[in-house]
Each structure stands twice: as structure tokens, then as C-alpha cells.
Amino acid sequence: SDHRLVYPPHPDMMDWSVLYPDYAVDEPKEDTPAPAQESSEQSVQEGQQETSPESQSQSIVSLNPRKLSKQVEVADIGCGFGGLLVALAPLMPDTLILGLEIRVSVTQFVEDRIKALRLKHKDTQAYRNVGVLRANTMKFLPNFFHKGQLTKIFICFPDPHFKARKHKQRIVSTTLNSEYAYVMRPGGVVYTITDVLDLHEWMVQHFTAHPSFERVSEEEVENDPCVGVMKTETEEGKKVERNKGNKYVALFRRLPDPEW
Ligand code: SAM
């Protein structure tokens, strides 16, 4: 189908070397790729005919993937055109950063953007630590990430889905927050930003009500360098700036699990 989403049955079957080849610590293997799970579903862009990016669709799933020297630790959920990823890459040069995006053409754009940056900076090895993956983050996060793997999740200007009957499509909800909690390490932080006050209040309400998260204090928010980047470097943040709109920021820390 044109709306195929490819994802590994288990995080151990994800071949991250496709996205971060410079971090592979073993040679490419002679391997029959594992059968990827596939989900045929409507793209968010109704009626748009899209296929998976050629470079990724077949090869990200393997029974015997190459090993990397480090794991992905930072995820940008609904990364759009990749402004945040590209800005974060030099700020966290030793951290693997991943953008997740559902639209095929937008994912392809970000993939090309990263390729071009790597080529332009081939002498310094910059941008080797950033990658993008086509995924529906509402469905398959635990297929990609182990429990406690991520230290930062960014949710920047998510689609607001204004109407009450569309609220179930919001990417912050009680159920999805449990998935974010699962893939996050205790002490890790979820970063949210939106220009829609109602959505901001919705995100604050759903994260503070969740037993695995607490809101980060204003003081800490102000001192966190990632907050400034999120405000100014995302494509949506720039658009809101041009239109002189408001930007509502809230951060939530993953709490340790209670002892049983
Ligand atoms: N974060 C970017 C920024 O701030 O510029 C893009 C914001 S844009 C309003 C929301 C993005 O989330 C779109 O690119 C959309 O395709 C993507 N998106 C929506 N639902 C998604 C999902 N379930 N999984 C992955 N991406 C999704």
C-alpha cells in the first residue's frame, strides 16, 4: 500500500546503522533482513499518494543488525522539516538524535537535508549524530526503543486537533504519556511547546496528572539551553515569531518508578 509504515517487531531488530553509519562498531553483515512489521494506514495527508522513503523502507529491520557504539537518546516527535534536529546536532555532538515524522515526503526532505549537511561538513564529521525515521509515533514507539532508553523527548508545535471529537488524535494523551514514560529514563525530560493555549493546557493537564511525570520548575526551564532552541529553530517556532504569536512552553521530568 502507499501508506505502508515499516517498523521492527522488537527494538533489538532495528538496524540503526542505516541512520548513523559512523557509529557502527562492526562490519556490515551478510544477512537476510527480518520480515518487518507493516501497517497499512491512512496518511495524515488525506488523499496524498506517498510511499516510504526508498533508502529506509527495506533495510531498517534485521534479524542481526549492526551494533552501534551508542543508542539513540533524544527523539523529536513529529519533527516536520527538521529545524530542531539540525540545531540540536552541534549542541549535543556526542548524543544520537532522532526525528520521527509520519509524512513520507517530509521525512525524505529531512533525510536529504541531513545528507547534504554531512557532505558539506565532511571534514568535521558534524551531523553524523542526527537521523530521521518515518514512523507513526502514536503506534510504534516501543517497537523502536527499549524501556528507559530516551533522555529527552521533544514535542514541538504538535497538530492542535481543535475539535473535541478530534482530541483522540492529539499526540499527548494519558495512553501515549504511558508510552513516553516507558521509553524514557527516570530523570529524562519531555519538552513541549505550542502556540495554542488550549493545547498547552491540555498537555500540562495530561502530563501532571500522569504518575510518571512532574512539571519542571520555571527556573529550570529558563536555564535549559534546549528551550531557546525549541522556540527559535523549529520551523513552526519561526512562523509563530513572524506572526508575533505566543509560545507556551512546558517541561516534564520522568519520575523514578515506585519500589514494589
Ligand atoms: N515539530 C515541527 C516544528 O515545530 O516545526 C513540526 C510541527 S507540525 C505542526 C506537526 C508535525 O507532526 C507534522 O510534520 C506532522 O506530519 C507530524 N505528525 C503528526 N502526527 C504524527 C504522528 N502520529 N507520528 C509522527 N509524526 C506526526
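## Ligand surroundings

In this predicted model, the ligand is surrounded by 16 residues. Gly78, Glu101, Arg103, Asn136 and Cys156 are the closest of them. Sorted by class, the shell around the ligand consists of six nonpolar, five polar and five charged residues.

At Gly78, a polar backbone atom lies 2.8 Å from a nitrogen atom of the ligand. At Cys156, a polar backbone atom is 2.9 Å from a ligand nitrogen atom. An oxygen atom of the ligand is 3.2 Å from a backbone N or O atom of Glu235.

On its own, the ligand has 590 Å² of accessible area, and the protein covers 91% of this area.

## Helices H2 and H8

Helix H2 spans residues 83-91, and helix H8 spans residues 225-233. Their axes come within 9 Å and cross at roughly 145°. The crossing of H2 and H8 is right-handed.

From H2, the residues Gly83, Leu84, Ala87, Leu88 and Leu91 take part in the contact. They meet Cys226, Val229, Met230 and Glu233 of H8. By class, this contact between H2 and H8 comprises seven nonpolar, one polar and one charged residues.

Terms used
Residues are numbered from 1 along each chain as its sequence is written. This is a predicted model: local features need pLDDT of at least 70, side-chain atom pairs count only at pLDDT 80 or more; totals for chains, interfaces and linings use all residues. Side-chain values use heavy atoms; hydrogens and water are left out. A residue is near a molecule or strand if one of its heavy atoms lies within 4 Å of it. A polar contact is a pair of N or O atoms within 3.5 Å; within protein, one must be able to donate a hydrogen and the other to accept it, and residues adjacent in sequence count only if both atoms are side-chain atoms. Accessible areas come from the Shrake-Rupley method with a 1.4 Å probe; for residues, only the protein chains shown count as cover. Ala, Val, Leu, Ile, Met, Phe, Trp, Tyr, Cys and Pro count as nonpolar, Asp, Glu, Lys and Arg as charged, and the others, Gly among them, as polar. Axes are lines fitted to C-alpha atoms, for helices over the stretch in contact, and angles run from 0 to 180 degrees between N-to-C directions. Helices (H or I, at least four residues) and strands (E, at least two) are DSSP runs, numbered from the N terminus. A crossing is left-handed if the near helix is turned anticlockwise from the far one by less than a right angle, and right-handed if clockwise. Contact means heavy atoms within 4.5 Å.
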